[in-house]
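Dear colleague,

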Amino acid sequence: FLAKAEELCANAGAELDYEELEHFAATEQDAKLESQFLKIAEGLDAELLPGPNRWGEDFGFYKKQCPTYMFGVGSGINQPALHHQNYDFPDQIIEPIVNFLTELFHKSV
């Protein structure tokens with residue numbers, strides 16, 4: 001593909017600019033685990049975001065080995081994206097996160 005694009009650009013007197021991206025497998029939630037998570041998380045201080053999100057990374061590959069359910073802990077809508085150079089983890093969310101995960105654990109056992 002790249003060789004053909006370079007050839008077309010050379011013939012047209014154009015410059016080719018491209019970047020390579022690392023692709024990850026889609027993270028698909030296991031329906032049974034999702035149902036269990038939502039039941040356990042019911043009543044806890046949590047906000048569920050609608051629709052799919054761009055989180056995933058290598059979690060999509062885990063599903064090939066076992067059922068998976070991925071959830072994230074956000075740091076607020078006024079924060080740069082997680083891997084952005086200006087992202088600064090807000091330490092004040094540590095305690096609420098620990099409390100949520102502790103409650104989640106106790107409700108799941």
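Predicted model: local features only at pLDDT ≥ 70, side-chain atom pairs only at ≥ 80, totals over all residues.

Residues are numbered from 1 along each chain as its sequence is written, and side-chain values use heavy atoms, with hydrogens and water left out.

In helix 4 (94–108), a DSSP run of H or I with at least four residues, numbered from the N terminus, the residues Ile97, Phe100 and Leu104 are buried, meaning under 20% relative accessible area with a 1.4 Å probe and protein chains only. Seen down the axis, the buried residues of helix 4 fall within an arc of 65° (taken from the directions from the axis to the C-beta atoms), so they line one face. These buried residues pack against helix 2, where contact means heavy atoms within 4.5 Å.

Phe37, Ala41, Leu44, Phe100 and Leu104 form the largest nonpolar core, a set of buried Ala, Val, Leu, Ile, Met, Phe, Trp, Tyr and Cys residues joined through side-chain atoms within 4.5 Å. Helix 2 (31–41) and helix 4 each give two or more residues to this core.

Asp30, in the loop between helix 1 (2–12) and helix 2, is in contact with Lys63, Pro67, Thr68 and Tyr69, leaving aside neighbours within four places in sequence.

With best wishes

How values were computed:
Buried < 20%, exposed > 50% of the residue type's maximum accessible area, 1.4 Å probe, protein only.
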